[in-house]
Structure formats: structure tokens, C-alpha cells
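Reader: I would like to learn how to read surface patches and helix faces. Can we work through a case?

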Amino acid sequence: MADRFDARANSIGLLRMVLAFAVLVAHCWPLALGRPMLGSSETLRQADVGKLAVYGFFVLSGFLITSSALRFGPVRYLWHRALRILPALWVCLLVTALVMAPAIAYYERGTLDGFWGHPQGPLQYLRANWLFAMDQWTISGILRDVPYGRGIEGGGPLNGSLWTLRYEVVCYFMLAALAATAVLARARAAMVLLLLGVYAVVVEDFVRGDGLAVLPAKHGVLGPYPLVGTFEKQLVIYLTFAFLLGAVAKLYAHRVPMTGWLAALAAVGVAVTARFGGFYVLGVPLLAFLLLYLAVGLPRWFHSVGRKRDYSYGVYIYAFPVQQVVALLIGVRYGFVTYLVVASAGTLVLAALSWHLVERPAMALKDVAVPLARRGGDAPAAAGPDPGAVARPTGSPADAPARPAVTAPVPQPADV
């Protein structure tokens with residue numbers, strides 16, 4: 001892969017956009033139809049389309065962000081990550097809480113009485129979620145009459161996709177610590193050991209499970225912590241596993257073979273494990289290889305997607321609220337395809353605005369941290385471009401952005 005991957009000419013931008021829209025499409029089933037996520041029953045709930053996209057995001061994010069962690073010291077690296085995720089997230093939360101939510105409330109009730117002073121009002125929503133915690137999913141009891149809101153006492157979730165961001169941030173800080181201790185640059189074998197250690201937990205869960213279609217075992221929670229809330233241990237383990245697959249692939253790119261027949265076998269393996277079992281223990285590593293092969297193996301005309309205009313993060317963070325609004329206004333009254341087209345168009349408009357008005361201007365500030373970094377002894381590790389700086393989301397959506405662990409009575413957005 002080291003011979004074939006070019007940071008300035010690859011298909012990762014295309015892959016991130018495809019994964020972001022895959023999340024949107026997968027969410028159409030629960031949000032518009034009130035049914036399980038697309039592919040859930042066909043894969044025995046292992047690997048619906050949304051889960052495939054999220055794990056793909058984390059793999060690509062691990063690959064790209066490792067480049068940034070290697071290139072820059074921890075302070076500048078974290079500054080770049082914050083610029084890539086936080087400004088767009090904050091604007092999204094503001095738009096959701098102060099524009100969409102009151103409009104929804106007025107549409108549903110014909111009045112805003114009680115909306116602003118509700119115990120779970122818009123200001124409380126902003127205060128609870130500004131730093132990824134997502135401790136409040138709804139606002140003032142709205143969205144009770146949409147498919148993904150009926151039966152939920154507090155109201156329907158406005159943005160179930162944002163749950164992944166805090167898990168991605170955990171991976172960012174993990175890389176920052178590994179970079180600060182020189183593990184990334186001078187003890188890369190330790191990354192392999194870390195990956196194998198996490199993989200051992202995945203294997204143990206599979207061995208102890210019942211049958212082949214084993215879902216991630218519950219390992220309890222971490223927290224709650226101030227500002228960032230509670231973390232599901234199994235999500236930390238399994239998503240970090242995907243992230244580390246991408247990170248180790250970057251560190252050992254000179255050892256990763258990139259051949260078409262291996263990619264074909266990986267594609268078959270992903271499909272077989274998703275359908276019959278063993279997806280997390282075998283399918284996720286195969287998915288990682290397949291995505292990395294596509295990043296270098298797709299035709300050159302795909303390389304321009306996302307290079308100058310990366311809408312993938314915006315698609316990821318705005319799709320869910322747009323889909324809820326479309327479900328409220330028209331649902332599938334004019335057919336499922338109409339719902340999908342309207343939701344996709346609305347999401348793409350907001351994603352474009354997010355990129356041009358928020359994300360790109362924010363990333364223009366990435367060099368502001370250089371004086372601070374030098375005073376703190378955090379000089380760049382090497383010269384050259386930062387291929388992960390504008391990647392997303394996945395993130396994440398941020399760098400490969402990302403989808404919907406909330407507490408009862410709200411159903412787990414991760415299960416959407």
C-alpha cells in the first residue's frame with residue numbers, strides 16, 4: 001500500500017461520502033417506515049448498512065488521522081481535530097435547537113407555549129450536548145408522531161447520529177497519547193500489540209457467544225464523566241478496534257498487500273460473515289482491507305471527490321434531523337423514493353452550507369496553533385501536507401464521521 005497510496009490522489013473522499021449517504025439511506029427504514037435498519041434482518045442484526053458505514057468510517061479515520069498524529073506534535077494535532085469537528089458540530093446543534101426544533105414544535109402544536117421553558121428545552125439541549133455527551137436526545141417533547149418517536153415518552157430524537165463523535169474523540173486522544181510518548185514514531189510494534197489486545201476481547205466475546213451471529217457483548221459503562229457523559233464499554237472496544245485497524249495499516253503500509261484478488265476475497269468474506277455470522281471477529285478486518293484497497297484501486301476520476309469540497313461530515317451530522325423533519329411533513333405519503341430524494345436533497349444543501357460557511361473557514365485557522373505549539377515544545381514532526389487535516393465523521397464524520405446509547409425510555413440510536 002505504501003507504493004500505491006498518494007495522500008493527494010486517492011478515493012477516500014468518495015468512500016467517506018458513500019458511507020455518509022449509506023447512513024442516511026439505512027436510517028430511512030426506522031425514521032420513515034418505523035422498521036429495523038436496512039439489512040438488519042438479513043444479517044441477523046450483526047451488520048446492517050448503518051453499522052457497516054460506521055465501522056468503515058472508523059477504519060478510514062484511523063488510517064488518515066494517524067498521518068496527522070505522526071506529522072505534528074500532540075498540541076497541534078489536537079487543535080486540528082478540534083477545528084475539524086467542533087465548529088460544525090456547534091453550528092449544527094444551534095440550527096437544530098434554535099431553528100428546527102421551534103419550527104417543529106409550532107407545526108405540531110400551533111404554538112410555542114411551554115417550548116422554551118420546558119425541562120428538556122433547547123437551551124438545556126445545547127448545554128447537555130455541546131461537547132459530544134448527547135445526554136439529551138429530544139427537545140421539549142417534540143416529534144412524538146413520527147415513526148421514530150411514537151411510544152417514546154420524552155419525544156423523538158432529533159439527531160441520533162451524533163453518538164459516534166465522542167467515541168471517535170476517544171480514539172483521537174489515544175493517538176495523541178501514543179504520539180506524545182513516541183510510540184507511534186519509535187515503537188510501532190506496540191501498536192500491533194495494542195490492536196491484538198483489543199482484538200482478543202472481540203475474539204473472547206465471539207467464543208463465549210451463542211452461535212455464529214454474535215453481537216458485541218455488554219461490558220458495562222464508563223462514567224458518567226463531566227461534559228462528555230457515559231461511554232458504553234463495548235462500543236469503546238469495538239470502534240477502537242476498527243480505528244486501530246486503519247492506524248496499524250498506515251504504520252505498516254509497506255507490509256499491506258494491495259491486489260485485486262485479495263480485495264475480491266475480502267468482499268466475499270464481508271458478505272458471508274455479515275449474512276451467516278462472525279462479522280465482528282472476521283468481517284470487520286476484511287471490511288478494513290476492502291476499503292483501503294478501494295481507496296487506492298478505484299479509477300483516477302474518483303480522486304477529485306472530496307478534495308476541495310468535503311461534504312461528508314455535513315451529510316453525517318445533518319441527515320438525521322432532516323430525515324425527522326421530512327418524516328413529519330410528508331413521511332412516505334408520496335412514496336418511499338420521494339422521501340429519500342427530499343431528505344437527501346435537504347441534507348446535501350445543509351452539508352454544503354456547513355462546508356463553505358463553517359468547516360472550511362475553521363480549517364483555515366489550523367496554523368494559528370503553531371506559536372502555541374512551539375512555546376509548548378510541540379513542533380511539527382515533519383514537513384509536508386497534513387492529509388488528515390480536512391478528512392473526515394467520521395473521522396468520523398469529522399474525519400470519517402460516523403451514527404446512532406441513550407438511556408431509557410429513548411431507544412438506543414445505535415440500534416436505529
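Author: This is a predicted model.

Reader: Which helix gives the largest share of the nonpolar patch?

Author: Helix H3, residues 74–109, supplies three residues of the patch, the largest share. Leu98 sits in helix H3.

Reader: Is Leu98 buried, partly exposed or exposed?

Author: Exposed means over 50% relative accessible area and buried means under 20%. Leu98 has 38% relative accessibility, so Leu98 counts as partly exposed.

Reader: Now the helix faces. What is the general idea?

Author: An α-helix makes a turn every 3.6 residues, so residues three or four places apart point the same way. Take helix H9, residues 260–276: its 17 residues reach 24 Å from the first C-alpha to the last, close to the 24 Å expected at 1.5 Å a residue.

Reader: Which residues of H9 are buried?

Author: In H9 the buried residues are Ala263, Ala266, Gly269, Val270, Thr273 and Ala274. Viewed down the axis of H9, the buried residues lie within an arc of 120 degrees, so they line one face of the helix.

Reader: What covers the buried residues of H9?

Author: The cover includes helix H2 (49–71) and helix H10 (279–297).

Reader: Which exposed residues are on the face of H9 turned away from its buried side?

Author: That face carries Trp261, Leu265, Val268 and Phe276, which are exposed.

Reader: What comes just after H9?

Author: Gly277 follows, with a positive phi of about 130 degrees.

Definitions and conventions
Residues are numbered from 1 along each chain as its sequence is written. This is a predicted model: local features need pLDDT of at least 70, side-chain atom pairs count only at pLDDT 80 or more; totals for chains, interfaces and linings use all residues. Side-chain values use heavy atoms; hydrogens and water are left out. Helices (H or I, at least four residues) and strands (E, at least two) are DSSP runs, numbered from the N terminus. The expected span of a helix is 1.5 Å times one less than its number of residues. Buried means under 20% relative accessible area, exposed over 50%, partly exposed in between (1.4 Å probe, protein chains only). The arc is that of the directions from the helix axis to the C-beta atoms. Contact means heavy atoms within 4.5 Å.
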